[in-house]
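The following note concerns the pairing of charged side chains. Please read the points alongside the coordinates.

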Amino acid sequence: MRGFETVREALQALRANKLRSALTLLGIVIGVFAVIAAVTAVDVIDLYFKSSIQGLGASTFSVERYDYVGGDGPERYHPPLTHTQVQRLKARTGGGVAVSVSEQFDRGAKAQSARHETNPNIGLYGTDAAFLGNFGYEMRAGRPLAAQDVENGRPVALLGSKVAEALFPASSPLGKDVQVGRVQLQVVGVLEEKAGLFRDPNTRVYAPITHLFATYGGGGRSMDDVRVRAASDARLPDAKDAVRSNLRVIRQAEPGAPSTFNIESSDFLRSTFAQFTRTLTTGGALVGLISLLAAGVGIMNIMLVSVTERTREIGIRKAVGAKWRNILWQFLLEAIILCQIGGLIGIVLGGLGGNVAALYWDIRPSFPWMWAAVAVGGVTLLAVVFGGYPAYKAARLDPIESLRYE
């Protein structure tokens, strides 16, 4: 039997039992969908995470007041890392290392302009002149905070992109006054839109930290984020050593005693998240594998039923000259076509389902081409493994007994 005729016969057999074929297809679709959707979603999340921490570049690291223990969160908090200590650190490390802070003064503030206002979901942060480079922001319009703004405690502000769009939808915010929480600030710049991992960085307003200290108080509070940037990637180890030794002196750590702070670079975050994404991918693949195994049992069942129903047909084919390998190939091809159709549907639906996260975060979609190829190969193997026995059984039927079968 020629290949084209074999394919045509296989498709006719599947069309003759539409409901049974559809139910078998459903199992394959669910299995492949689980694998592709999980892998696609993890890939999208990984892209979002990488774009979120792009500000923490290869030459940047953070100084924190607590220690981590694996994935269980902070083990213990050390004494506050104050702005005064950060200022002393700046003076001791010199100009080769840029030190910057970011401290939240109001979490649910409402921002108001002359004509518009926002929801009470604006974060008011204090920072300094090294803010842009250390925290990975870029300017959309206006100028960044200057050293004189911080030294003199000027009431100026940088608006996040969403804050600027909400307060000044049809005009430039530069030079305009805004009320954010307890302070009235003059807008000197608007920040470019930036991806955020957990909180939206585009709903923030940044002002000189000295001005916010004067209004909100709390000069002894611990800084939310202390970010340090070395002059280059190659200078990062030296910068870490300098910060560690100087900060130990500033925080009066005894010789030989552990430091009362922690230094973390982007490598730690990336390795931790990479391990997390690998776990998610493995979990999704295992769920899909279990579903595919269940679908394989269904394929074997439908093929065995098909062999039983078509016993007389098999006998007639053998009587007119069909060889056992023709019968084997026909039934095996039916299983392969069934699996390929289900696999392709599962791949398409899985890709669409996994990219829901991309639509939510407004980032470019992703598609796991490698995993799609693995899925195609996997369902083919599934068809051969679970469809092989029914096809072999059909090929080995005795033609005389088959013709007598009712």
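1. A salt bridge is taken here as a side-chain nitrogen of Lys or Arg within 4 Å of a carboxyl oxygen of Asp or Glu. The structure under review is a predicted model, and a search of the whole of it returns 10 salt bridges.

2. Aspartate 149 is buried, at 0% relative accessibility, whereas arginine 143 is partly exposed, its relative accessible area being 33%.

3. Arginine 221 is joined to glutamate 103 by a salt bridge of 3.0 Å, N to O. This pair connects distant parts of the chain, 118 residues apart. Glutamate 103 belongs to strand 4 (residues 97–109), while arginine 221 sits in the loop between helix 7 (209–216) and strand 12 (225–230).

4. How accessible are the two partners in that pair, glutamate 103 and arginine 221? Glutamate 103 has a relative accessible area of 4% and is therefore buried, the cut-off being under 20%. Arginine 221, at 24%, is partly exposed.

5. A further salt bridge pairs aspartate 225 with arginine 227, where the closest N and O atoms lie 2.7 Å apart. Arginine 227 counts as buried, with 10% relative accessibility.

6. Which residues are linked in a network of salt bridges? Arg140, Glu165 and Glu192 are linked in this way.

Note on methods
Residues are numbered from 1 along each chain as its sequence is written. This is a predicted model: local features need pLDDT of at least 70, side-chain atom pairs count only at pLDDT 80 or more; totals for chains, interfaces and linings use all residues. Side-chain values use heavy atoms; hydrogens and water are left out. Helices (H or I, at least four residues) and strands (E, at least two) are DSSP runs, numbered from the N terminus. Buried means under 20% relative accessible area, exposed over 50%, partly exposed in between (1.4 Å probe, protein chains only).
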